Amino acid sequence: MTAPVLSVRDLVTEFDTRAGALRAVNNVCFDVMPGEVLGIVGESGSGKTITGFSIMQLLDKPGKVKSGEILLNGKDLGRLGDTELRQLRGDRIAMIFQDPMMTLNPVLRIDTQMIETILAHRKVSHAEARQLAEDALAQVGIPSPAERLKTYPHEMSGGMRQRVVIAIALMLEPDLIIADEPTTALDVTIQSQILFEMQRLLSNRNMGLIWITHDLTVVAGLAHKVAVMYAGRIVEFGPVSDLLDRPAHPYTRGLIDSIPSNASHGKRLTQIPGMTPNLLNLGKGCPFRPRCPRASDICASDPETSSTGDGRTVRCHNPIEEGLDDTASAT
Amino acid sequence: MLAYLIRRFGQSLLVMAVMATIVFFGLYMVGNPVDLLINPEDDLAAQEAAIRRLGLDQPIYIQFLQFLKGIATGNLGVSFVHNTPALELILSRLPATLELAFFAMLLAILLGIPLGMIAGLYPSSPGSRVIMGGSIIGFSTPNFWQGLMLIMLFAVFWRVLPSGGRGQTTDLFGIPVSFLTLDGLKHLILPALNLAIFKIALVIRLSRAGTSEVSLQDYVKYARARGLSEKRIVGVHILKNILIPVVTVLGLELGNVIAFAVVTETVFAWPGIGKLLIDSIGLLDRPVVVAYMMLTVFMFVMINFFVDMAYSMLDPRIRIKAGKS
């Protein structure tokens, strides 16, 4: 059994607002093994992006990690000083942002931005750094990388820019990459190209990847394990095919049913009724209760996370039975 | 690019022509220079001879045609008062003003940008509040009063700096300048600072607004996620983005500083073109005023042109391409 690259334990992230503390991430736990892809899925506002930024220790004010541990190779990131964190970021943990149009600095050339990243972490000459940057661009499938290095971000398409960002992430061979909806802003053909490229690049590397998305189909093709988040908590966790085939949490079921398919052609699309809850005003009990088709009186109390075997956990009083045997679900 | 330059040049000529016409006729309506220039004790024949010599006996449109004819041969007219070519008179006073303006801009950049960035990066710190409070004072008190206060503090109470004049000058490429001698530099500090106060306040506010806006951008967060040092993020990633508006405004202000250094030059008895303009308007010395205005317009046009160039250097997205623009 190898040690996990990243181990998140009871992570709580809060935003102190005038209306009170907003708990955006609530007791989240998960591990990422070397070479493993973890998909974090959820609607907007479910806390998946904040989880990513909490790991990076890059929360915007007034966001703050209140409690919990974030262990990168056994080192608690929450206890590190600014300098140590700076040295880890970009080198041991890299991040890919959502909108490639906004991530690269518009007034600096690609080579400037790539080389400065290398020089921030490695003691190499400028020429060596340039060579490394060029190789990295070639690796992500950018044609004539030497020329591309000399261009500005606005001279590239969105897909190209996201490839550059992926190249920057992979360049220094980090232990962990956090990708925050990296294909959401791209159109479908580019999205599949990028996904294909990611799969290819990951296959011979031993790095962990957290892929944050709201798109279950992306997760199905890329991830090994999935964490489904709702209102700041992980409501269901498990291996990807098992979880998608036999979801136990009604919310996961709802997400899967919301994907338009051939079978539903001509019929009204299924959707989850209601909206994501206001995190400032959650009340007691299961936060999904008002939207849940399986809600009962017991849901007025908050469900515990329970293991259901095969590495799966679910946080629900009334999990969908077909996915589980009866004994395990009786929590 | 060439087409762009030619179009730009044509526009400039048009603006200068319109400006010259307006000033020429405008000054005619203010008053008759004859009343101020002629010695009333001369006999009638001598007076008429003097009027004829200045060309003021002709109707105004003939005078204007004469003026246009002069321009065509590169002659902007002869000062009624000093009896020297107007352009020459202005150019002889220009280096003093340019020196003053240059140092004022230098102060505005060297003090304004760092102070503004500090205020933008740490908006709630006491230091930032002091900077922003200071910039409001710089903005809202009258410039002549600021000048008088500077003189009172530095020249009268503490007696560390002189209150006026250019001090000792040395020749640099045949042009007298003050800043190369210690005495000249001492004379330069107060007027340059006085001229700069408003610009410093302006640059502080621009830089602060830019910094607080840019630091929220994704690319700054991404720069942090790549583990870049704070020095590099602030000094390269943020600075280069906020420079665009700062350069634009400073470019426009540079014209203002040169053209309207009048107040500072008057308060500090700095022998520049601002002082010359005020005197010439007072005496209705039309050739000097018109020449001054045309030179000012020319300067504004040139400065705007260079600002556009600097702009496209800073922001690759608006680089001027051939055939587009």
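Visitor: Is Arg79(A) buried or exposed?
Guide: Arg79(A) counts as exposed in this predicted model, because its relative accessibility is 68%.

Visitor: Which side chain does Arg79(A) meet in a salt bridge?
Guide: That of Asp76(A), at 3.1 Å from N to O. Asp76(A) has 12% relative accessibility, so Asp76(A) counts as buried.

Visitor: What does Glu173(A) form a salt bridge with?
Guide: Arg205(A), with the closest N and O atoms 3.1 Å apart. Glu173(A) sits in the loop between α7 and β7 (176-180) of chain A, and Arg205(A) in the loop between α8 (188-203) and β8 (208-213), so the pair ties together parts 32 residues apart in sequence.

Visitor: And the accessible area of those two?
Guide: Glu173(A) is partly exposed, at a relative accessible area of 45%. Arg205(A) is buried, at 13%.

Visitor: What about Arg233(A), which side chain does that one meet?
Guide: The side chain of Asp302(A), in a salt bridge of 2.9 Å from N to O. Arg233(A) belongs to strand β10 (residues 233-239) of chain A, while Asp302(A) lies in the loop between α11 (250-257) and β11 (306-307), so this pair ties together parts 69 residues apart in sequence. Arg233(A) is buried, with a relative accessible area of 7%, and Asp302(A) is partly exposed, with 33%.

Visitor: Which residues do salt bridges join into one network?
Guide: Asp91(A), Arg92(A), Arg122(A) and Asp175(A), through salt bridges that share partners.

Visitor: How many salt bridges over all chains?
Guide: The count comes to 27.

Visitor: And how many between chain B and chain A?
Guide: There are 3 salt bridges between them. One pairs the side chains of Lys221(B) and Asp60(A), at 3.1 Å from N to O.

Visitor: How much area is buried between the chains?
Guide: About 2,200 Å², with carbon and sulfur atoms giving 60% of that area. In chain B, Lys221(B), Tyr222(B) and Arg226(B) lose the most area to chain A, together 31% of what that side buries. The contact takes 21 residues from chain B and 27 from chain A.

Visitor: Back to α9 of chain B. How many of its residues are buried?
Guide: Helix α9 (residues 218-225) has 6 of its 8 residues buried. Lys221(B) and Tyr222(B) are among them.

Visitor: What do the buried residues pack against?
Guide: In chain A, they pack against α1 (48-56), β6 (93-96), α3 (100-103) and α7 (158-171); in chain B, against α8 and α10 (230-259). After α9(B) comes Gly227(B), with a positive phi near 80°.

Visitor: New topic: where is Thr181(B)?
Guide: Thr181(B) is in the loop between β2 (175-177) and α8 (182-214) of chain B. Thr181(B) counts as buried because its relative accessibility is 11%. A polar atom of its side chain lies 3.0 Å from the backbone nitrogen of Gly184(B). Beyond neighbours within four places in sequence, Thr181(B) is in contact with Gln168(B) and Thr170(B).

Visitor: Where does pLDDT stay under 50 in chain A?
Guide: Over residues 323-331, for which the model has 13 contacts beyond four places in sequence. The mean pLDDT of chain A is 87, and 95% of its residues reach 70 or more.

Note on methods: Residues are numbered from 1 along each chain as its sequence is written. Chains are lettered from A and ligands numbered from 1 in the order in which they are written. Side-chain values use heavy atoms; hydrogens and water are left out. pLDDT is the predictor's confidence in each residue, from 0 to 100. Contact means heavy atoms within 4.5 Å. Helices (H or I, at least four residues) and strands (E, at least two) are DSSP runs, numbered from the N terminus. Buried means under 20% relative accessible area, exposed over 50%, partly exposed in between (1.4 Å probe, protein chains only). A polar contact is a pair of N or O atoms within 3.5 Å; within protein, one must be able to donate a hydrogen and the other to accept it, and residues adjacent in sequence count only if both atoms are side-chain atoms. Buried area is the accessible area (1.4 Å probe) that two parts lose on being put together, summed over both. A salt bridge is a side-chain nitrogen of Lys or Arg within 4 Å of a carboxyl oxygen of Asp or Glu.
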